[in-house]
Amino acid sequence: MTQRSSGETSDDGSSEEAPRGFSRRAFFAGAVSSAAAGAAAGVVATGLSGAAASGTGPAAVAAADEVYPFYGAHQAGIATPPQDHLVFMVFDVTTTSASELQVMLAKWSAAIAQYTQGLAVGSVEPDRAQAVPGDTGEAAGMGANQLTVTVGFAPSMFDGRFGWAKYKPAALKDLPAFASDALTPAFTGGDICVQACASDPQVAYHAIRNLARMARTTATTRWTVQGFGRASRGTGQTTPRNLMGFKDGTRNISSDDDFAQQVWVGADSDQSWMTGGSYLVARKIHMLIETWDSDGIGDQHAVFGRTKAEGAPLSGTGEFDTPDFAVKAADGTPVIPVNAHVALAAHENNNGTKILRRGYNFTDGIDSVGRLDAGLMFISYQKDPAQFSQLQSKLGANDRLNEYIRHVGSGVFAVPPGLSAAGDYFGKALFA
Ligand SMILES: C=CC1=C(C)c2cc3[nH]c(cc4nc(cc5[nH]c(cc1n2)c(C)c5CCC(=O)O)C(CCC(=O)O)=C4C)c(C)c3C=C
Ligand SMILES: [Fe+2]
C-alpha cells in the first residue's frame, strides 16, 4: 500500500484522509490515540460529564450528549440498555489478503472509537478544494447519541482465507435448518456483521455508511436491516412493544449472574481470544401483519401466553409475575397453552437455558402485492449459539406464533471481547 500525505484522495476515488498531523498508515494501523486523533480532526466532543461518559449518568443527561465508553472488557452494544435505533449490516470480505483485512479492521476499530465518542474521522470540509472529505458529514454536530458499534465474525471467516482456521471456536458453526425456516439469500450469508445502535437513526447510519466507505476495496455490503423502536428491555428500562402490540423483553436477562452464566464466553473457551466475547444470532423475522390484525384477542393472548395490555402471564395479573406453567383451567388444560411462545421459550422448560434478546422492530414498506412488510429483527447474545438453537428447535416446530411469522434472514457471529485501548483492534489476536 502506498503511503499518501494527509488529505490525499486514494486511487479508487475514496477518501482515506487521516486526521491532520498523523500519517495515514499510523492512524489506520490503530496506533494513534483516538482522543488525539479526534482532536486532530478538528472535531469537538459533546459536553461530557464523567457520569455521562460512564454510561451511568442521570436521566437528566440528554440522549444526544450521552456517550458510552468504547474500550472495555466487553464490546458495547450487548449489555448496553438498547437504544431506540439500529442499523445492522453484514459485509462480505472481498480481499484474500490477510494484511488488507488487518488494515481494514484496524481502521474500523480506530474509527468506531471516534464515532462512539461523537467525533469524526477526518475532516468534513478539507482545506483543499480537490480533497474528498474524510467524513461524510451527516452526523456533524449531532453528538454521540449513545452510539455503540458492535462487530462480529461469521464462521466463513475461519475457512482458511486469512489463516484464521486454527482460531475457529468449536461453538461457531452455521446454524442448523429449523422447522418453519423460510430463509432467503437476500438476508443470509456474509462474513462480518456490524450492529450500530443509537438514540438517533442518522448517527447510527452515519457510522455504518462510513465504515462501508472505508472498507470499499476490502469488503462489500451484503445485507442490512434498519430497526426502530427497540423491541427488548435492558436493565432499568421499561418494556417496549413489538409490532404485534405485545410487551417484549419482560423476562430478558438483566442480572450479572445471568450475564456471566449465559452471555459472556468464559476463560474455559477453547479459543482464548473469545474470552469476554459473546455470540450474536440475527434472525430477520417477517410478520404476517394483516393476518395477525384480524385475529381475536383471546387467540392473541394464547399465542404468547401473556395478556396484551399489561403483558402479564396468563397464570397471573402483573407483567412481572413469574409464569406458572402448571396452573390449569377448569377444563384441565394449562392456562398458558403448552404451545404458547413463552411456554416453549421459558428457561423453566429448557433446562435453565436463557438468551439475551436485543431485537428491533423493522419495516421495509409494502411488498409486491401491497401487504405491510414489517417484523422483528431478532438479535440475541449468548455464550454459545447452541442456546439459541435449543430454543428455536422447539419454537420452529411447535410455536403457536408460527402462523403469523416467517424467519427470512439468519446469521451467527463470534463477537470478540472489547478492545483494551487505542492501538488494539478487532481480530488482532487472529493475525498472530
Ligand atoms: C429462539 C428464540 C426466540 C425467537 C426467535 C423469538 C421470536 C419472537 N418473540 C416475540 C415476542 C415475544 N417473545 C417473548 C418472550 C421470549 N421469547 C424468547 C425467545 C425467542 N423469541 C424467550 C427466551 C422469551 C422469554 C420467555 C420467558 O422466559 O418467559 C415475549 C413475552 C415477553 C417477554 O418476556 O419478553 C414476547 C411478546 C416475537 C414477536 C418473535 C418473532 C417475531
Ligand atoms: Fe420471543
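Visitor: How do I read a polar contact?

Guide: A polar contact is a pair of N or O atoms within 3.5 Å; within protein, one must be able to donate a hydrogen and the other to accept it, and residues adjacent in sequence count only if both atoms are side-chain atoms. In this predicted model, local features need pLDDT of at least 70, side-chain atom pairs count only at pLDDT 80 or more, and totals for chains, interfaces and linings use all residues. Residues are numbered from 1 along each chain as written, chains are lettered from A and ligands numbered from 1 in the order written, and side-chain values use heavy atoms, without hydrogens and water.

Visitor: Which polar backbone atom is 2.6 Å from an oxygen atom of ligand 1?

Guide: That atom belongs to glycine 249. A backbone N or O atom of threonine 250 is 3.1 Å from a ligand 1 oxygen, and for a polar backbone atom of arginine 251 the distance is 2.9 Å.

Visitor: How much of ligand 1 does the protein bury?

Guide: Accessible areas come from the Shrake-Rupley method with a 1.4 Å probe. Ligand 1 taken alone exposes 780 Å², and the protein buries 97% of that.

Visitor: What surrounds ligand 1?

Guide: A residue is near a molecule if one of its heavy atoms lies within 4 Å of it. Here 27 residues surround ligand 1, with His341 and Arg357 among the closest. By class, 16 are nonpolar (Ala, Val, Leu, Ile, Met, Phe, Trp, Tyr, Cys and Pro), 5 charged (Asp, Glu, Lys and Arg) and 6 polar (the others, Gly among them).
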